[in-house]
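Try each task before reading its solution.

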Amino acid sequence: MADAGEDAPADAPTEVAAEAGFTPASLSGLLIWLAGDLGVSVTSAGAVSLWSDQSGNMNHGTQSSPAAQPVLLASALNGLPAVHFDGVANFLSLPAGFSDFTAGLSAFVLVRPAANTKVHAARFFDFSSSFGSLTDAVVFVRFDTPGDQLLYQAYLASTPGPYVSAAGAVANGVWQTLEVVATGGPELSTVSASLYKNGVNVGGGTVAVPAKTMRGSNFVARSNLAQDPFFKGDIAELIVFARALTDGERKQVEAYLSAKWAP
């Protein structure tokens, strides 16, 4: 989905037409699928206590603390709802798991970031073995200051692996689809990865293959390090596959997002 103003995205990111009935669940390897128009439970104040995973893997986003609950925006994009995170305390916890990325990883986040006083290393998601560390962490973030850099990285134990990044890829106040596709291989220690914005390649390089291990501290919109900032902005969909999608499959997901969310 291309950059847009407050209310409307621009052109579709790909010439591939959306297939009738296609959803992310049409592809194998789907790990988690959070969609703003599906399975969001809110309190009487409109705060989100549960964002139900549509993948069938029960990787629901939950938040029991009222002070940390994000807010549902009823009509955020194309008349559909999205979840707003305040950049101060809002986040969602995910269950333990996210253990096997030896076949690669593909992630899509349809997001409208907001300017914040702190943006360095604000997470779209952070999967780690334990809170307070980045042990075996897998992170997808907006990076640096002013936070316009998109970055994907995996840690091997406590050692940060090589990362891929794209300066200028993250824009405040506009809807955009940010993506990473990392290849896999159980016998490999490093693989190639590519970053995309609205279906256009914006960076690539070599990344570490995440260790095959149970990750017990997993979040949307916050880091496993207390000193890192929370993400501020709106998320309409978050989709993660535990494998590298082909270019054709990636374009199918992009076309699905564009057809659904574009006015």
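Contact here means heavy atoms within 4.5 Å. The model is predicted.

**Exercise 1.** Find which residues lysine 260 touches, leaving out those up to four places away in sequence.

*Solution.* Start with the location: lysine 260 sits in helix α1. Apply the contact cut-off. Lysine 260 touches Ala35, Asp37, Asn78, Leu80 and Glu237. Now look at charge. Asp37, Glu237 and Lys260 are linked in a network of salt bridges.

**Exercise 2.** Decide whether lysine 260 is buried or exposed.

*Solution.* Buried means under 20% relative accessible area. Lysine 260 has 16% relative accessibility, so lysine 260 counts as buried. Widen the view to the helix: 11 of the 15 residues of α1 are buried.

**Exercise 3.** Describe the salt bridges made by arginine 250 and glutamate 249.

*Solution.* Take arginine 250. Its partner is glutamate 254, with the closest N and O atoms 2.8 Å apart. Both lie in α1, 4 residues apart, about one turn of the helix. An α-helix has 3.6 residues a turn, so residues three or four places apart point the same way. Both arginine 250 and glutamate 254 are buried.

Next, glutamate 249. Its side chain meets that of arginine 243 in a salt bridge (3.0 Å, N to O). Glutamate 249 is buried at 17% relative accessible area. Arginine 243 is buried at 16%.

Definitions and conventions: Residues numbered from 1 in each chain as written. Predicted model: local features only at pLDDT ≥ 70, side-chain atom pairs only at ≥ 80, totals over all residues. Heavy atoms only, no water. Buried < 20%, exposed > 50% of the residue type's maximum accessible area, 1.4 Å probe, protein only. Helix = DSSP H or I, 4+ residues; strand = E, 2+ residues; numbered from the N terminus. Salt bridge = Lys/Arg side-chain N within 4 Å of Asp/Glu carboxyl O.
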